[in-house]
Amino acid sequence: MAICGTTLNTISVFRWHWVPIYCRSNISPCQQQRRELRGAQRASKVKAYYGLKSPPYKLDALEPFMSRRTLERHWGDHHHDYVEGLNKQLEKNDILYGYTMNELIKVTYNNGNPLPEFNNAAQVWNHDFFWESMQPGGGKMPMLGLLKQIEKDFGSFTNFREKFTEAALTLFGSGWVWLVLKRNQKQLAVVKTSNAINPLVWDDIPIIGLDMWEHAYYLDYKNDRGEYVNVFMNHLVSWNAAAARMARAQAFVNLGEPKIPVA
């Protein structure tokens, strides 16, 4: 990049912010431009690539079904550590700078041979998605359009719930359970993934995600995974968020009828 005849080597860890400064002086536009650039280099070096997003509710809003203590430990410690770990990795790898989170996950998954950054990147995305998959006063039944799609693809809502619960309880070790929209098959499906892997790596569209890592439920339910899953389905899952995600998904996948209404 050249400014006023000066050639600069742009470095990916800098973001250039051009801010017009209006003052009475005899400084030429060329000199002013150089000053602004030096200021941007000092003040705008990127220290963090991704920030820790807060859940879309207060930390005690899911009680008594998910305690504030669990949110403080799970979001405040584990999720926070994934964000910090990812940022430290990205400081050492300029090649990955500038990707969206979705792109970063797919690139670092590396066709099943994950790069070192994959686990932290996927876990940051997974947790953001998990918090948004719940709401105070959640559970119950999906809204009409989404319910019809579930009934179409699973036979009944009861069948869907049984498949989702079975996937959660038969997941070996740590991982996640998802309701996804499969692009090629053009239908909903339940999938389970190990560790940090999520459906984005197969180009599926996640609709609901449930964290089955022990730290997600141990403080409230000890080793009773079944109770944790039942509470999620009965009292926590956000069918509002699911319906909104399905509505967006229909921009990419033509499901035909029924149409999913936008809230």
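Is Phe129 buried or exposed? In this predicted model, Phe129 has a relative accessibility of 7% and therefore counts as buried, the cut-off being under 20%.

## The largest pocket

Two or more lining residues come from each of helix 3 (101–109), helix 4 (118–132), strand 5 (205–211) and helix 9 (239–249). Helix 4 supplies the largest share, 5 residues.

By class, 10 residues of the lining are nonpolar, 9 are charged and 2 are polar. Both domain 1 (68–133) and domain 2 (144–253) contribute to the lining of this pocket, with at least three residues each.

The structure contains 15 aromatic pairs. One of them joins Trp125 and Phe129 in a stacked arrangement, with 4.9 Å centre to centre and 15 degrees between the planes. Both residues belong to helix 4, where they are 4 residues apart, or about one turn of the helix. Trp125 is buried, at a relative accessible area of 13%.

Trp125 also pairs with Trp178; this pair is tilted, at 6.3 Å centre to centre and 40 degrees between the planes. Trp178 is buried, with a relative accessible area of 0%.

## Cluster and charge

Ring pairs connect Trp125, Phe129, Phe130, Trp131, Trp176 and Trp178 into a cluster. Arg245 lies over the face of Phe129, at 3.7 Å from the ring centre.

Notes. Residues are numbered from 1 along each chain as its sequence is written. This is a predicted model: local features need pLDDT of at least 70, side-chain atom pairs count only at pLDDT 80 or more; totals for chains, interfaces and linings use all residues. Side-chain values use heavy atoms; hydrogens and water are left out. Ala, Val, Leu, Ile, Met, Phe, Trp, Tyr, Cys and Pro count as nonpolar, Asp, Glu, Lys and Arg as charged, and the others, Gly among them, as polar. Domain bounds come from an automatic or database domain assignment. Rings of Phe, Tyr and Trp (its six-membered ring) pair if their centres lie within 6.5 Å; planes under 30 degrees apart count as stacked, over 60 as edge-to-face and the rest as tilted. Buried means under 20% relative accessible area, exposed over 50%, partly exposed in between (1.4 Å probe, protein chains only). A charge sits over a ring if NZ of Lys or CZ of Arg is within 6 Å of the ring centre and within 35 degrees of the ring normal.
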